[in-house]
Amino acid sequence: MDELASAEGIVRLGWNLLREDLSLPSAVLYIDRLEHNLAWMQRFMDAYKVRLAPHGKTTMAPRLFEMQMKIGAWGITMASAHQTMVGHAHGVPRVLMANQLVGKQNMEIIAGLLGDPKFEFYCLVDSAEGVDLLGEFFSTRGLGLNVLVELGVMGGRCGVRDETQLLAVLAALVRWSKTVHLCGVELYEGVLKEEAEIRAFMQRACDVMRTLLKRKAFARVPALLSGAGSAWYDVVAEEFASAAFGDAVEIVLRPGCYLTHDVGNYETQQKRILASNPIAREMRLGLVPALHIWAYIQSIPEAELAVVTMGRRDAAFDSGLPTPAFRFRPGGGEPRPSPAHWETMKLMDQHAYLKIAPGDDVRVGDMVGFNISHPCLTFDKWRTLPILDEHYNVVDVVQTYF
């Protein structure tokens with residue numbers, strides 16, 4: 001295992017996917033595609049003069065956090081105290097926990113991290129009760145906690161729905177102002193499906209920001225305004241940037257799935273963005289899939305069925321089944337695109353049912369590379385993911401910490 005301690009050590013091992021040096025099934029990443037996606041999203045954010053705090057829950061991979069921060073990320077977004085602890089332990093200097101901080105042990109974790117003067121942390125509040133719990137806990141430890149007010153919509157998840165709820169939260173924040181520091185406003189638009197209602201939600205957030213700025217309610221200068229999952233980041237960027245807050249507000253967007261992309265919902269959204277957003281159109285080539293699951297054909301029991309060594313333990317299936325992208329026969333040539341008529345029909349725990357056609361040149365032992373839909377629920381099935389170069393050589397290994 002010592003050889004796995006550095007990229008140089010892994011290169012010396014000389015592993016190659018096509019030479020069958022890896023045990024399949026295996027999730028793999030591609031360095032050239034990762035670098036393309038990293039640069040593309042950072043350039044997009046820079047064009048709107050907004051900051052990027054990619055959601056770490058997508059990968060929970062410190063090596064990938066490092067790559068994101070190196071190219072210019074403002075920080076890393078997390079969703080829980082545990083995830084925040086993992087990020088801090090691996091050198092992430094700033095975390096926006098886009099969630100409520102609730103429960104004694106979760107607060108204990110964050111209190112321990114706040115002892116590091118180089119670590120910057122923010123979490124969300126959407127109720128007076130939540131503010132009171134935070135104030136009571138952190139005041140007894142002599143610690144200050146940075147928070148953002150979370151806005152929500154009817155039928156959504158967390159977040160204040162109306163003016164009455166917002167005023168109650170703000171009153172609680174005034175009561176605990178020495179301990180719980182209001183630093184901005186946050187929302188998550190992904191619970192909405194239509195662009196018009198998303199734009200209206202963004203405009204509501206901007207109105208709240210303007211009101212709180214006039215009241216000098218924020219303990220942070222500039223105040224933070226944060227939103228954007230991986231589907232509607234273009235709309236959020238447009239609306240927030242057009243609000244023209246200037247130096248009074250720092251806008252932080254939080255997409256995470258862009259790093260590996262997919263061929264499901266995020267590909268559909270990317271096509272929309274490339275067609276409608278002027279910045280994306282200027283950048284031309286959009287995000288590209290950088291994550292595949294490679295597996296073997298292990299049985300061909302019927303003329304139209306091949307059974308593959310990949311299942312629900314290996315790939316996400318909540319937003320669509322994996323789709324065959326490449327085929328390769330060990331010992332011969334380069335991977336080729338899979339035939340268009342190949343289709344994943346069903347997943348079991350360790351098996352995939354691959355629809356083929358009679359007469360297809362398919363053998364037991366052939367390798368198939370699958371695209372996935374929804375990176376989040378693929379990453380969490382793997383503890384290590386090799387990173388490959390354009391020749392399928394292993395050049396690094398990513399470890400996950402779910």
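Which elements each supply at least two residues of the lining of the largest pocket? In this predicted model, local features require pLDDT of at least 70 and side-chain atom pairs pLDDT 80 or more, whereas totals for chains, interfaces and linings use all residues. Residues are numbered from 1 along each chain as its sequence is written, and side-chain values use heavy atoms, without hydrogens and water.

The elements in question are β4 (94–100) and α10 (265–276), and α10 gives the most, with three residues. The largest pocket holds about 550 Å³ of space. Its lining comprises 28 residues, of which R157, Y188, G190, G229 and Y266 are the closest to the centre. By class, twelve of the lining residues are nonpolar, ten polar and six charged (Ala, Val, Leu, Ile, Met, Phe, Trp, Tyr, Cys and Pro count as nonpolar, Asp, Glu, Lys and Arg as charged, and the others, Gly among them, as polar). A pocket is an open set of points on a 1 Å grid over the protein atoms alone, where a 1.4 Å probe fits, with protein on both sides within 12 Å along at least five of seven lines; lining residues have an atom within 4 Å of a point.

Helices (DSSP runs of H or I, at least four residues; strands are runs of E, at least two) also pack against one another. Helix α6 (residues 128–140) and helix α7 (residues 163–175) pack at an angle of about 15°, their axes lying 8 Å apart. The two helices are therefore roughly parallel (angles under 35 degrees). In the contact (heavy atoms within 4.5 Å), A128, V131 and D132 of α6 meet A168, V169, A172, L173 and R175 of α7. These residues divide into six nonpolar, no polar and two charged.

Methods. Axes are lines fitted to C-alpha atoms, for helices over the stretch in contact, and angles run from 0 to 180 degrees between N-to-C directions. Angles under 35 degrees count as roughly parallel, over 145 as roughly antiparallel, 65 to 115 as roughly perpendicular and the rest as oblique. Grid points are joined across faces, edges and corners, and a volume is the space filled by probe spheres set on the points.
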